[in-house]
Amino acid sequence: MEKYRILINGKSEGTTSHQPVHNPATREVVGMMPVAMPADLDRAVTAAAEAFKNWSRTSDAERKAACHAIGAKIEEHAEELARLITLEQGKPLNGLGSRFEAGGSAGWAHATAEFDLPVEVIQDNEQGRVEVHRKPLGVVGSITPWNWPMLIAVWHIVPAVRTGNTIVIKPSPYTPLSTIRLVELMNEVLPAGVVNVVTGPDTLGAAMSAHKGIAKMVFTGSIATGRKVMASAAETLKRLTLELGGNDAGIVLPDVDPKAIAEGLFWGAFINGGQTCGAMKRLYVHDSLYDKVCGELVELATRMPMGNGLDEGNVLGPIQNEMQFNKVVGYVEAARQSGARILTGGARPNGPGYFYPITLIADIADGHPLVDEEQFGPVLPIIRYSDVEKAIELANNNPHGLGGSVWSSDASKAKEIALRLECGSVWVNKHGAIQPNAPFGGAKQSGIGVEFGPEGLKEYTQLQTVYC
Ligand code: NAD
């Protein structure tokens, strides 16, 4: 089995110990993750700090070109990377799966290359000139989750590189291989030390967020871990971007055509088998069309092929790991015991993988863990409402605030309601669509700061006001 290697200062390095990485579709080992030691992290941070001296002084044009070169490298190796993502993450090659992830990663790199943070002139008159400059921070530490391992790595690395920072990334131990390969490819087009990768257990992440040599942490993962990152970053007052969990509500108004919106609702909830931060995780449907919407979703659920992601016909894959699988099963069993109605799914199929069918649960309400908490899997609670004001109140009565959506044939009415939802992104008649030029971030406990577009780039800079 291939032993993967960490990459520090442009050099791929072996480690003394390794840990197996499993394919969640088969539970077979697909590669061996190198286990980096705290001393390896120290060396990676030192290499990044050394590289920062030159990289922070490169021209804007040079950094732009470097980000395009990263995009081109990903394109050139898109199929290889997609297969690696499918092997370690489980998502299918097709549909909104790993080819989509690899293509999105390349697209994001190219788009990010083109964002600018020009010097802002606040004043220019006889009293003097005042300018605002954006300068890189230093070494960025990046910690990523297992659901979109490569896309999120690109979201962390490319803006850092674009703004003149250097970076050390630590991917999730469940999905480290595609990130290692991505960083190897990046190092073919970047100076040594600009992008480094270390892999290992959660404790390596903890060491990173406390590290004195790191100026900023960009973290994507659960709220619980985000809190730990924030606490340990406090000692050195690190800059922070935290992209955390979500429990997005969708509200379906009584004026929609259930058939017309069904597919949008389905993929809004079940992209990557529901293992997506900004997926719809609670659906509030008006009483007058509740049964019709449920029926349309059941129909879609029963005909979307789920299976091994390497089989071209599948559009849904397994849950990524055993811990998450057990969590999802627990939510469904608790719902079942409380008397909720399981419309489809709800039973584990035979076989070695962590497959769990699309599960739609009706006659469930707020106050139930499946509604109140983030399930992060192929299960959707569908809640009946009769007063839209109550639905808005329930949607907002949650500590999460990542996204939300409103579904209606009256776009302006939907937008009015959308604006009342307490979340960082909100959609009308769709859910979860994101793009590189639109800022994305969480309200309330779903995060701090934003990614994407010039607003996202700013998070990798220190503002300097110049009076001249
Ligand atoms: P997680 O918090 O368990 O792990 C995320 C990363 O943190 C992993 O790399 C892990 O090794 C590392 N880690 C664990 N303990 C740590 C510690 N004490 N200090 C520092 N790092 C530590 O999350 P996960 O299960 O991998 O991902 C699922 C969660 O991520 C969900 O809640 C999901 O909503 C969220 N997520 C959010 C976004 C977003 O943009 N808002 C995107 C994707 C996923």
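## The shell around the ligand

The shell of residues around the ligand is made up of 14 nonpolar, 10 polar and five charged residues, where Ala, Val, Leu, Ile, Met, Phe, Trp, Tyr, Cys and Pro count as nonpolar, Asp, Glu, Lys and Arg as charged, and the others, Gly among them, as polar. This is a predicted model, in which local features need pLDDT of at least 70 and side-chain atom pairs count only at pLDDT 80 or more, while totals for chains, interfaces and linings use all residues. Residues are numbered from 1 along each chain as its sequence is written, and side-chain values use heavy atoms, with hydrogens and water left out.

In total, 29 residues surround the ligand, and the closest are Thr 144, Asp 202, Ser 222, Leu 244 and Glu 374; a residue is near a molecule if one of its heavy atoms lies within 4 Å of it.

## Polar contacts and cover

An oxygen atom of the ligand lies 2.6 Å from an N or O atom in the side chain of Asp 202, and an oxygen atom of the ligand is 2.8 Å from an N or O atom in the side chain of Thr 225. The backbone takes part as well, with a polar backbone atom of Gly 221 at 3.2 Å from an oxygen atom of the ligand; a polar contact here is a pair of N or O atoms within 3.5 Å.

On its own the ligand has 840 Å² of accessible area, of which the protein covers 91%, as computed by the Shrake-Rupley method with a 1.4 Å probe.

## The largest pocket

The ligand takes up the space of the largest pocket, where a pocket is an open set of points on a 1 Å grid over the protein atoms alone, at which a 1.4 Å probe fits, with protein on both sides within 12 Å along at least five of seven lines, and lining residues have an atom within 4 Å of a point. This pocket holds about 1,000 Å³ of space, and of its 39 lining residues the closest to the centre are Trp 146, Phe 219, Gly 221, Ser 222 and Thr 225.

Helix 8 gives the most to this lining, with six residues, and the lining divides into 17 nonpolar, 14 polar and eight charged residues.

## The second largest pocket

About 430 Å³ of space lies in the second largest pocket, whose lining of 22 residues has Phe 100, Ile 271, Gly 432, Ala 433 and Ile 434 nearest the centre.

Conventions
Polar contact = N/O pair within 3.5 Å; in protein donor to acceptor, adjacent residues only side chain to side chain. Sits in = over half its atoms within 2 Å of the grid points. Points joined across faces, edges and corners; volume = space filled by probe spheres on them. Helix = DSSP H or I, 4+ residues; strand = E, 2+ residues; numbered from the N terminus.
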